[in-house]
Amino acid sequence: MRYSQMLLPTLKENPSEAEVVSHRLLLRAGYIRKLTSGVYSYLPLGLATLRRVERIVREEMNRAGAQEVLLPVVQPADLWIESGRWVKYGPELLRFTDRHNRESCLGPTHEEVITDLVRMNVHSYRDLPLNLYQIQTKFRDEIRPRFGLMRGREFIMKDGYSFDEQEEGANLTYQKMYDAYHRIFSRCGLAFRAVEADTGTIGGSFSHEFMVLADTGEDTLAICRSGQAPTDGQTCGYAANMEKAAGRPPQMLASRPELLPLTKVETPGKRKVAAVTEFLGISAQELVKTMIFLADGKPVAVLLRGDHEAQDVKLKNLLGAVDVVLADDQQIFDATGVPSGYLGPVGLKIPVVADREIEVMTNFVIGGGEKNYHCRNANLERDFSVGKIGDIRQVTAEDHCPSCGGELEFTKGIEVGHIFKLGTSYSEALKATYLDSSGKEQFFVMGCYGIGVSRVVAAAIEQNHDQDGIIFPLPLAPFQVVILNLSPDDQGITGAAEELYSTLKNRGVDVLLDDRDERPGVKFKDADLIGIPFRVTVGKGFLRDATVEIRERRSGVVQTLHPEEALSWLLAQCEMMSVS
């Protein structure tokens, strides 16, 4: 492609709307343009990069035995009502009514549609296992779209769905997809990590997120250090996002201390954990705080150790709630009759749940149930009871790996893929069955596998950039080589640039020829900005000693070669694009 004929509107200044690196550089480098909030048009460079990601995804999905389909973006409400997600999915589901007053939605995902397709067309165990995928535009009505392609309302996604006879077969399919995802992100040239994750609105029993490691990531990951630095040849490998991450389970003491009598003490004006513990001369580990959450609008008391914080997703899962929010002071008083800061579990009339740490604590401090009072020496079961106990807290730097006991470290990541074991939740809801070998009806055992194709592009930039612009990994770059003709009016220089351009094109290399009538400085800056891996400069050096200059975008290493040598070197470097 010739630069002079290409729609490539680069910007000199940073757009004011851009909050993160990838958003800023995608706009500046002419990859995307905003149409409306959270919705972007892909210009030629942006589309070319998307196609790179799609090609890798297709090759690895096909290699793993999946078949590509294309499903409708408009989905009837009936299917979502049948699955139970029409209300549960929430306001991100963009609903509308057509001219016949039929309710529909724009697909944010396709579990219902694919399950309906399979239940109508697959009836025998002989047709299983079946693994189907698509690459398609999705729409989720984000309340606050931001960060460009990182969190838009409209985005491009690969979503896949598997159907197996039994759990054992589903586990094998899950592992195939797990391995395929590792190959996909490795081939994309990304540093990533697979972590245990919550299943969220998709549902199911188990899932992994694939996270591109980047300081600008929205998600925090807990990773066992022994997985990073093997000891005696052993690695742990534990990694989870903060919604799923757990510390080592609390250990009950071999002999419990004597249970002391519950004693109410005056704590005037001491509402916060720090103030109470200082006043009583105890540590935060010796106090249990009572917090009020609204679970689907109904108040629930949540007990946590004083130095711990609730993890909303864990709490939501324990309660089986769609939504949980922390109550404000007025809501706390309305639900309990006790002012915030002095609330305790004794005598509460609302449901009470507790973090599992509370089970191993004895003689701890709690709120006294009236203003300016707390109680010493509270004990679970003797003084109060709880409805449910579970891991509902956020892990901290003091926690240890639940798998091996090693130290946990925290890093940032960007979610680019998510795989789920769905089990029979959708097949049961939609009555999707097959006949087994004995002629008996069975529900399909399903899995779900997603990749944010457009988000991969943004994540790659978050991980690969410098002060001058994008540094795309070779497999994702829209062009592998850019040739700068520094003197378009000089026949010798132009002839050499044209010959190198034609030869590379004929040899299958994606190459951009900058033939614009612009100053060399402008061409250098644009080449760095758009992030093409190899820059070939044809200028005065060619007139002087028949050489061209090759610069690697990532390393900045420059070498001067004759055109024939440059051609051989570039072809060797670009061959890795075809390695699968």
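**Close-up views of a predicted model**

View 1. Setting aside neighbours within four places in sequence, His23 is in contact with Glu17, Ala18, Tyr40, Phe147 and Gly148. His23 belongs to helix 1, which covers residues 21-28, and, because its relative accessibility is 4%, it counts as buried. A polar atom of the His23 side chain lies 3.4 Å from the backbone nitrogen of Gly148.

**View 2. The backbone at Phe147.** Phe147, one of the residues in contact with His23, is found in the loop between strand 7 and strand 8 (154-164). Although Phe147 is not a glycine, it has a positive phi of about 65 degrees, whereas most residues other than glycine have a negative phi. With a relative accessibility of 15%, Phe147 counts as buried.

**View 3. The backbone at Asp296.** Asp296, which is not a glycine either, has a positive phi of about 50 degrees, and its place is the loop between strand 14 (288-295) and strand 15 (298-305). Its relative accessible area is 45%, so Asp296 is partly exposed.

**View 4. The peptide bond between Leu128 and Pro129.** Leu128 and Pro129 are joined by a cis peptide bond, with omega at about 0 degrees, and Pro129 sits in the loop between helix 5 (111-121) and strand 7 (130-139).

**View 5. Helix 2 against helix 12.** Helix 2 (residues 44-63) packs with helix 12 (residues 453-463) at an angle of about 110 degrees, their axes being 9 Å apart, and the two helices are therefore roughly perpendicular to each other. Their crossing is right-handed. Thr49, Leu50, Val53 and Glu54 of helix 2 make the contact with Val453, Ser454, Val456 and Val457 of helix 12, and these residues divide into five nonpolar, two polar and one charged.

Note on methods:
Residues numbered from 1 in each chain as written. Predicted model: local features only at pLDDT ≥ 70, side-chain atom pairs only at ≥ 80, totals over all residues. Heavy atoms only, no water. Axes fitted to C-alpha atoms, helices over the stretch in contact; angles between N-to-C directions. Helix = DSSP H or I, 4+ residues; strand = E, 2+ residues; numbered from the N terminus. Parallel < 35°, antiparallel > 145°, perpendicular 65-115°, else oblique. Left-handed = near helix turned anticlockwise from the far one by under 90°. Contact = heavy atoms within 4.5 Å. Nonpolar A, V, L, I, M, F, W, Y, C, P; charged D, E, K, R; others polar. Buried < 20%, exposed > 50% of the residue type's maximum accessible area, 1.4 Å probe, protein only. Polar contact = N/O pair within 3.5 Å; in protein donor to acceptor, adjacent residues only side chain to side chain.
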